[in-house]
Amino acid sequence: MELAAKPKKTLATSQTALAAADREKKLLTTKNMVLIAMFGALSGVLMYIQVPVPFAPPFYKLDLCDVPVLIGSFTMGPLAGILVAAVKILISLVLRGTQTAGVGEFSNWVQACSLSVPAALLYKHRRTKASALWGMAVGVAVMVAVACLTNTYIMLPAYAKAFHMPIDALVAMGTAVNPRIDSLMAFVLLAVAPFNLLKGTVVAVITALIYKRVSVIIKSRL
């Protein structure tokens with residue numbers, strides 16, 4: 001019985017490996033590479049169009065650069081979304097460099113992935129409008145949670161260290177726009193969380209409104 005079971009396990013493992021290799025080949029088609037570059041370029045350009053928000057410090061600005069990332073994720077899968085987000089950051093660094101010692105760019109990439117990957121995974125499992133909407137809702141929730149954790153323990157401390165300033169100085173920038181922000185935790189809860197909730201929601205709504213039309217154009221032109 002043991003001798004009969006081993007080949008089955010080996011066969012199942014081989015099939016899994018072949019399926020994974022097949023998915024990778026499908027991602028790396030010429031069409032998908034063109035789409036990844038195109039969505040990444042559009043996303044990089046959209047990073048220039050920023051709007052300040054009244055409840056957060058000046059370095060938190062709303063933009064729509066994650067709309068192409070989310071559309072790319074829905075079109076080609078979660079890994080493609082990660083690549084689109086990476087292209088976006090590379091383009092931004094080439095065109096205008098960094099004003100945050102790379103911390104802001106890394107944070108932007110992490111947040112884009114935390115929004116697009118969960119959404120794309122749910123949509124990939126069942127490609128329906130309801131699944132897409134649920135996926136985006138879950139993606140926004142994950143994005144907010146990841147933003148709170150990473151800003152508390154990684155991004156804000158790294159930003160403060162890069163510019164040789166105490167965390168209290170960052171908190172003070174939050175206090176200037178909201179007197180209730182009197183600690184790092186308050187900063188995260190009253191500035192970081194609502195900012196990412198707003199951005200994720202706006203990106204999800206716009207994606208829901210235009211994705212169908214964009215996907216039709218992609219299928220007909222490429």
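## Close-up views of a predicted model

**View 1. Helix α3 crosses helix α4 in a right-handed sense.** The model shown here and in the other views is predicted. Helix α3 spans residues 66-76 and helix α4 residues 78-96. Their axes come within 7 Å and cross at roughly 150°. With angles over 145 degrees counted as roughly antiparallel, α3 and α4 are therefore roughly antiparallel to each other.

**View 2. Residues where α3 meets α4.** From α3 come D66, P68, V69, G72, S73 and M76. Facing them from α4 are P78, A80, G81, V84, A85 and K88. By class, this contact has seven nonpolar, three polar and two charged residues.

**View 3. The largest nonpolar core, with 49 residues.** F39, Y60, F74 and F187 have the most contacts inside this core. Two or more residues come from each of α2 (30-46), α3, α4, α5 (103-125), α6 (129-162), α7 (167-177) and α8. Helix α6 gives the most, with 11 residues.

**View 4. Surroundings of Y60, one of the core residues with the most contacts.** Residues up to four places away in sequence are not counted here. Y60 touches P52, V53, N151, L156, F187, V192 and F195. Among these, F187 is also listed with Y60 for the most contacts inside the core.

**View 5. T207 in helix α8.** Helix α8 covers residues 184-221. T207 has a relative accessible area of 1%, so it is buried. Leaving aside neighbours within four places in sequence, T207 is in contact with V67, L70, I71, F74 and M136.

Conventions
Residues numbered from 1 in each chain as written. Predicted model: local features only at pLDDT ≥ 70, side-chain atom pairs only at ≥ 80, totals over all residues. Heavy atoms only, no water. Helix = DSSP H or I, 4+ residues; strand = E, 2+ residues; numbered from the N terminus. Buried < 20%, exposed > 50% of the residue type's maximum accessible area, 1.4 Å probe, protein only. Contact = heavy atoms within 4.5 Å. Axes fitted to C-alpha atoms, helices over the stretch in contact; angles between N-to-C directions. Parallel < 35°, antiparallel > 145°, perpendicular 65-115°, else oblique. Left-handed = near helix turned anticlockwise from the far one by under 90°. Nonpolar A, V, L, I, M, F, W, Y, C, P; charged D, E, K, R; others polar. Core = buried A, V, L, I, M, F, W, Y, C linked by side-chain atoms within 4.5 Å.
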